[in-house]
Amino acid sequence: MFFAKTTISAALVAAVNAHMKMATPAPFDPEHLNNSPLDASGSDFPCKFGVGYSATGGTTNTYELGSSQQLSFIGSAVHGGGSCQVVMTYDNPPTKDSKWKVIHSIEGGCPAKGTEGNLAENPDAKSPFSYPFKVPSDIPSGKGVIGFTWFNRIGNREMYMNCGPLELTGSGGDKANFDKLPDMVVLNIAGKPTTPEGVDYKFANPGSSVEDNTGKYGVATCGKDGCQNGGTGGGSGGSAPPSSSAPAGGNGGGGGARARAAVD
Ligand SMILES: [Cu+2]
């Protein structure tokens with residue numbers, strides 16, 4: 001069974017230099033934003049901040065509370081899709097300790113729908129897929145940072161996160177409504193549980209704004225003790241690999257390192 005999984009990876013994860021990065025919302029310092037995932041160690045969490053990249057530059061995303069916006073991407077290595085979240089914090093710049101909340105979850109089909117592996121390699125390509133999301137109407141206005149996260153379905157177990165400057169305008173709501181939003185999910189880095197390959201990740205608490213594209217590949221969920229395949233979906237043929245659950249009670253922290261060398 002492990003053999004089958006490896007075969008899928010080798011066949012579908014050929015493109016290595018055209019990972020996806022956020023086009024809209026506009027990221028910080030786009031000239032210096034590279035397209036790689038977060039470092040498995042967690043050293044550049046959040047937002048890939050670190051040497052040569054920080055919460056500076058870029059076009060401020062000025063969004064009216066309650067408005068509709070689009071999450072879109074540049075790149076072609078969509079890794080068979082996966083699951084994404086649109087997240088925000090009122091901290092600018094954010095730190096490792098910032099409170100990030102989820103304003104929209106996309107379960108499966110992000111950043112590409114109906115794509116088994118990668119698109120034709122082109123790191124500068126505008127992705128044909130985009131994802132509408134709504135800015136909550138009942139949270140405070142003001143400055144902050146918006147970002148997207150992505151747990152890819154195929155390939156190395158990774159977490160992607162890009163961020164950009166945010167200003168929310170309009171009649172502000174209550175901070176308590178922000179606090180009630182789900183916490184941003186962090187997996188695949190810094191000793192967190194490792195998502196199984198080949199299935200779509202289902203968020204334990206996606207919030208009230210969800211695009212659910214799961215069903216074709218089966219799903220996995222993660223808790224404090226690791227990740228497990230399971231739930232609805234699957235059944236559409238040979239796409240979904242067998243279970244690659246983390247050992248009970250463990251978080252498979254070494255798993256990310258195992259795969260990293262090959263693609264990144
Ligand atoms: Cu990639």
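Begin by selecting Arg153 and Tyr217: the charged end of Arg153 sits over the ring of Tyr217, 3.4 Å from the ring centre. A charge counts as sitting over a ring if NZ of Lys or CZ of Arg is within 6 Å of the ring centre and within 35 degrees of the ring normal. The model is a predicted one, in which local features need pLDDT of at least 70 and side-chain atom pairs count only at pLDDT 80 or more, while totals for chains, interfaces and linings use all residues. Residues are numbered from 1 along each chain as its sequence is written, and side-chain values use heavy atoms, with hydrogens and water left out.

**The cavity**

Strands β4, β7 and β9 (200–201) each supply at least two residues of the lining. Strands (E, at least two residues) and helices (H or I, at least four) are DSSP runs, numbered from the N terminus.

**Aromatic pairs**

Next, turn to the rings. The whole structure contains ten aromatic pairs. Rings of Phe, Tyr and Trp (its six-membered ring) pair if their centres lie within 6.5 Å; planes under 30 degrees apart count as stacked, over 60 as edge-to-face and the rest as tilted. Select Phe73 and Phe148, an edge-to-face pair at 5.0 Å centre to centre with 70° between the planes. Phe73 belongs to strand β3 (residues 68–74) and Phe148 to strand β7 (residues 142–152), so this pair ties together parts that are 75 residues apart in sequence.

Then select Tyr90 and Phe178, whose ring centres are 4.8 Å apart with planes at 70°, so the pair is edge-to-face. Tyr90 is in the loop between β4 (82–89) and β5 (101–107) and Phe178 is in helix α2 (residues 175–180), 88 residues apart. Phe178 is buried, at a relative accessible area of 1%.

**Thr89**

Select Thr89, in strand β4, which is buried at 1% relative accessibility. Its side chain reaches the backbone nitrogen of Asp91 at 3.1 Å and the backbone oxygen of Lys99 at 3.1 Å. Contacts of Thr89 (heavy atoms within 4.5 Å) beyond four places in sequence include Trp100, Gly144 and Phe178.

**Backbone exceptions**

Most residues other than glycine have a negative phi, and most peptide bonds are trans. Select Thr24 and Pro25, joined by a cis peptide bond with omega about -5°; Pro25 is in the loop between β1 (21–24) and β2 (61–64). Another cis peptide bond joins Cys110 and Pro111, with omega about 10°.

Finish at Asp29, which has a positive phi of about 35° and lies in the loop between β1 and β2. Cys47 also lies in the loop between β1 and β2; its phi is near 70°, and Cys47 is buried at 0% relative accessibility.

Notes
Buried means under 20% relative accessible area, exposed over 50%, partly exposed in between (1.4 Å probe, protein chains only). A polar contact is a pair of N or O atoms within 3.5 Å; within protein, one must be able to donate a hydrogen and the other to accept it, and residues adjacent in sequence count only if both atoms are side-chain atoms.
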